[in-house]
Amino acid sequence: MGIAPEAQVETIAPHEARDAGTARTIEKDSLIGKRIAKLDAPDKASGKTRYIHDMNLPGQLHGKILHSTRVHALIKRIDTSKAKALPGVHAVITAEDVPYQRPLGVSKDHMPLKGDRVRSMRDEIAAVAADTPEIAEAALKLIEVEYEDLPPLYNVAEAMKPGAPVLHDQKPDNVAMTFDYSHGDVVQGEAESDVVFEDTFKLHYVTHCCMGVSGVIADFDSAGGLMLYSQTQVPFLHKREFAEILGIDPGRIRIVQPPIGGGFGSKLDIYPFEPIAIFLAKATRRPVKLIFSREQEFRISPTRQPVLLTLRSGAKKDGTLTFRTATTLHDNGAYTSWGATTPFVIMQTISSLYRVPHCKYHTTAVYTNNPYAGSFRGYGNLQATFAVEQHMDKIAEAIGMDPLAFRLKNAQDPGETTGQGMHFKSCGFKDCLRTVAERGDYLRKHAENIANQAKPERYKRGVGMASMLHVGGGAKIYPSDGCGTIVKIDDFAHVTVMTGASEIGQGSETVIAQLVCEELGVPMEAVTVVNNDTDVKPWDVGVHASRTTFIAGNSALGAARKARDKILAVAAKATGYDASALDLRQGTIVMAGTGEAIVPLAKLLRSLHFSEKADLVMTTHYYEPPSEHQDKGFKGDVSAAYAWASQVIEVVVDTDTGIVKMEKVWGAHDVGRVLNRLGIEGQIEGGVVMGQGYALTEELIVEDGVVKNPAFRDYKLVTAPEIPEMDVTFIESMDGEGPRGAKGVGEAPAICIAAATANAIYNATGVRIQTLPYTPENVYRALKGVNR
Amino acid sequence: MTVEHYYAPKHLDEALEVLRAGNATILAGGTDVMPQSESGKTPLRKTLVNIRRIAELTGIRLAKNEVRIGALTTISEMMANDLIRKHFPILAESGDHFASEQIRNAGTLGGNVCNASPAGDTLVPMLALDAVVELAAKPNGSVETHTTPLGSFLVGPGKTRRAQGELLVAIRIPVPPAGQVQRFFKFGTRPALDISAIAIGLAAVKTKGVLSHVRLAYGAVAPAIMRGSKTEAVLEGKRLTPELIEQAAQAAHDEVKPISDVRASDWYRRELMHNIVKRMLIDVHEH
């Protein structure tokens with residue numbers, strides 16, 4: 001055993017290294033703010049990453065689901081006998097075969113397998129497990145279904161009419177959910193106003209378009225334990241929810257998340273295909289893999305919440321905002337998923353992005369036979385910001401103030417507590433505004449473009465500005481908003497960080513590793529992050545609300561600091577120096593003052609392990625942010641920190657065709673502090689492009705409950721040549737609670753784009769378009785004043 | 001239906017023999033056949049004939065006063081060919097707007113013609129350039145060929161006058177007359193990987209500001225690629241003036257018969273026809 005001689009070393013003195021002729025000094029260096037390649041990048045770039053689609057278990061069967069071909073109908077008869085008789089088919093199930101199933105979703109209004117009635121084109125009515133996907137597909141075609149059509153509800157107005165067909169018996173008025181919020185007195189606010197505007201904004205359906213389509217593999221062991229290979233963003237919450245749906249002990253469910261090919265909020269809820277795969281695995285006693293086709297991904301996945309938003313705002317002539325009233329109407333679709341709860345976020349922007357003394361907000365989500373909406377990066381904030389920021393421009397113009405000065409006059413400052421109870425401990429909002437205005441030469445261009453509007457040129461240039469407020473320190477909407485971390489260090493100074501936080505491509509594991517390396521003075525390659533197995537990792541609420549860097553980062557820091565303290569205590573004992581005189585740098589114990597190397601960390605750890613009082617360095621930490629639950633009126637400081645951003649966009653509008661070319665985006669983001677510069681740049685650039693798609697090109701076209709463009713050919717993601725030049729500045733407000741000062745930023749970059757584009761098109765053409773998306777035809781129609 | 005027989009003949013003669021038996025799907029680049037069969041829109045027939053190995057169907061040659069383009073010429077080969085670039089720059093340009101690099105490397109010109117999409121990217125310039133298609137068959141034991149103008153070959157969406165047993169072997173385009181100007185415009189909603197909302201091809205001889213031999217071809221505004229004969233009539237033999245240009249643009253707007261689909265409404269397509277024909281003619285007028 002090569003290690004034996006070292007194992008006997010109990011004390012290590014500085015002269016050892018010097019005697020060996022290896023004495024050296026190590027300068028203090030920091031990883032914070034450096035450009036660090038994502039840990040998963042080499043495998044993803046080279047095609048080595050094994051997604052759930054690449055996984056196959058021995059003995060595995062393939063599951064397929066039969067979806068309804070009617071938007072609203074009674075199921076009179078399902079005959080599966082021919083499908084069952086097809087060679088290679090192991091199980092065909094309908095609701096009758098799973099009497100134990102329980103409803104899923106936010107309002108528990110959604111049975112995985114529908115028995116007697118379908119309410120949308122995506123409804124699941126039967127499922128097959130077979131030897132191959134082709135056999136499963138062939139079996140689906142052999143299932144006979146007899147429907148009796150019911151009157152459909154294709155829009156919110158119809159669904160709210162008295163006497164409209166009732167979609168869910170427990171909601172006789174078809175209202176799925178409502179929210180009411182207020183502070184101050186909007187009547188008084190309106191009385192004090194010199195100008196008042198009311199406008200209605202219409203926001204459309206888009207969907208996430210994750211490159212990795214949805215899928216799951218379910219596998220029971222012989223003792224009844226369930227292993228689920230899942231793409232979920234919230235594994236611990238889903239253990240509990242799966243247990244409820246299936247009627248089993250949550251402790252017997254283990255969720256493993258293979259690398260996830262895109263989340264963006266789409267995997268925050270359980271969808272019927274997941275319990276259905278589990279039913280099939282249970283029926284066949286074999287592992288069952290169920291993967292969507294791209295067409296299914298378009299037809300069956302949740303959408304961003306389509307919203308009809310009516311905003312009434314007022315201001316005094318001196319530029320002081322007086323009040324804001326907002327009413328939103330949400331097409332809930334056939335079932336309730338997270339989309340119905342986006343008012344949580346919408347109301348924050350309405351009440352608190354700017355200082356609004358009086359505010360009132362009412363929202364109604366209404367059942368229809370359309371696709372249903374889930375959560376999607378920004379969670380209602382793109383919709384709210386689209387309306388609020390257009391009103392900011394409109395009011396500024398009406399009172400004759402420049403749009404920047406008007407915003408600065410009403411922008412929040414650090415230390416403020418808003419009418420909704422949000423407390424802005426760090427707030428770089430005004431810095432964001434001034435920075436983008438200056439870098440984009442906003443005011444000069446804005447005035448020049450107005451002067452050019454009347455000229456006969458085909459191409460019109462415009463600039464637009466918008467800002468956003470979003471949670472940046474978690475969101476306390478569950479009983480706990482915390483995250484646990486376990487750190488262990490082996491005999492070779494390799495660090496394993498077991499974090500509760502899930503990676504969905506956003507780069508959290510890299511930032512977590514970086515924060516741990518910074519504490520422990522080890523290089524990035526000395527760290528492995530384990531983050532995908534509920535039997536290994538500690539609890540975490542899930543990846544949502546731009547929370548992971550902040551919450552999981554603080555948790556990892558806590559565990560790493562405990563490990564550091566232990567290491568330095570051991571080093572102090574071994575060397576005789578005071579722990580405070582020692583430091584950890586480049587995997588070595590050094591003198592903090594001089595940087596003189598004393599002993600390699602690995603050697604110190606082995607001396608600890610193979611001593612008489614044998615021990616290992618293993619630490620744990622659970623971090624719970626100091627935020628509050630909202631009260632019944634939705635008031636409270638729900639996040640431990642808040643993120644801010646302003647963006648200026650320059651567009652060129654072709655008045656002959658309606659094409660809007662996004663030429664450049666200037667962004668200033670209050671991120672608290674930059675941790676991984678490469679990662680945050682990528683996240684912001686990606687978010688800008690996602691916002692660009694929402695503003696200009698993407699639309700899930702739903703006609704009479706049917707998705708008409710379920711393919712990338714007709715659902716237009718932004719392509720490389722359309723991506724604008726970007727100029728991003730980071731405002732480092734150094735949040736006191738954030739890990740090393742950082743705040744969350746995941747959702748922020750997508751939020752302002754549509755709003756700023758709206759203002760830019762108005763600046764270019766003098767035409768304000770309150771309906772998205774700004775496709776060439778929609779813009780051309782608006783310029784010509786011709787409605788569809 | 002499942003494919004029961006697969007042939008990959010090396011000679012035209014053999015291919016025509018197989019086709020004579022009927023019930024065959026012809027495979028060249030596969031960029032239309034594969035997605036259409038995959039989606040169930042056009043199922044594969046019992047016999048699948050891969051014509052990709054037939055050397056007689058390749059090559060681009062100048063013969064007499066025309067350029068003969070073998071049916072298997074890929075979009076990429078067509079774009080890079082000197083004869084095409086010299087005589088038919090708008091055909092080469094249309095390739096630039098054709099799907100993606102990968103699809104251009106596989107998709108063939110013959111396939112683009114036989115797929116007969118109302119929005120077929122190369123069809124618009126070829127129709128404006130008076131292309132004819134050369135068809136071969138083997139009805140009585142020997143190979144027979146005949147030609148037909150592209151405009152009458154294309155009938156409707158996915159429909160041509162190709163008879164059973166026939167194979168499109170080449171496209172022939174006359175060498176343009178001296179002084180010919182050519183213009184091409186494809187409007188999609190994005191610069192790549194898009195299907196036309198409208199496409200316009202223009203070829204005309206310009207002499208001292210007067211246009212003659214005017215050919216206009218329109219894509220995605222009718223069941224098949226169409227000639228803009230009414231617009232041509234407005235322009236033929238006339239001096240280009242702002243008034244004439246407006247009159248021609250209006251004629252283009254009026255003579256197309258577009259549909260509304262997920263890509264564009266009929267109203268918008270007509271508006272685009274007007275605006276783009278106008279821009280094209282102003283450009284011809286000024287250069």
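Across the interface of chain A and chain B there are three salt bridges, a salt bridge being a side-chain nitrogen of Lys or Arg within 4 Å of a carboxyl oxygen of Asp or Glu. In one salt bridge, the side chains of A:Asp656 and B:Arg279 meet at 2.3 Å, N to O. The structure is a predicted model, in which local features need pLDDT of at least 70 and side-chain atom pairs count only at pLDDT 80 or more, while totals for chains, interfaces and linings use all residues. Side-chain values use heavy atoms, with hydrogens and water left out, residues are numbered from 1 along each chain as its sequence is written, and chains are lettered from A and ligands numbered from 1 in the order in which they are written.

The side of chain A that touches chain B is made up of eleven charged, eight nonpolar and two polar residues, where Ala, Val, Leu, Ile, Met, Phe, Trp, Tyr, Cys and Pro count as nonpolar, Asp, Glu, Lys and Arg as charged, and the others, Gly among them, as polar. Contact, defined as heavy atoms within 4.5 Å, involves 21 residues of chain A and 17 residues of chain B. Between chain A and chain B, nine residue pairs, both at pLDDT 80 or more, are in polar contact; this term denotes a pair of N or O atoms within 3.5 Å, of which, within protein, one must be able to donate a hydrogen and the other to accept it, and residues adjacent in sequence count only if both atoms are side-chain atoms. The area buried between chain A and chain B is about 1800 Å², with 60% given by carbon and sulfur atoms, buried area being the accessible area (1.4 Å probe) that two parts lose on being put together, summed over both.

Within chain B, an automatic or database domain assignment sets out domain 1 (5-50), domain 2 (56-174) and domain 3 (180-286). The contact between domain 1 of chain B and domain 2 of chain B takes 16 residues from domain 1 and 20 residues from domain 2, and the C-alpha centres of these two domains lie 18 Å apart. Together they bury about 1400 Å², 60% of it on carbon and sulfur atoms. Two salt bridges are counted between domain 1 of chain B and domain 2 of chain B, and the side chains of B:Lys138 and B:Glu17 meet in a salt bridge at 2.8 Å, N to O. Helix 1 (residues 12-20) of chain B gives the most to the side of domain 1 that touches domain 2, with six residues; helices here are DSSP runs (H or I, at least four residues), numbered from the N terminus.

Over all chains, the whole structure holds 65 salt bridges. A:Glu124 and A:Arg122 form one with their closest N and O atoms 2.6 Å apart, and both residues are buried, that is, under 20% relative accessible area, as against exposed at over 50% and partly exposed in between (1.4 Å probe, protein chains only). The side chains of A:Arg561 and A:Glu519 also meet in a salt bridge (3.5 Å, N to O). Because A:Arg561 lies in helix 17 (residues 548-575) of chain A and A:Glu519 in helix 16 (residues 508-520) of chain A, this pair ties together parts that are 42 residues apart in sequence. A:Arg561 is partly exposed, at 40% relative accessible area, whereas A:Glu519 is buried, at 6%.

Conventions:
Helix = DSSP H or I, 4+ residues; strand = E, 2+ residues; numbered from the N terminus.
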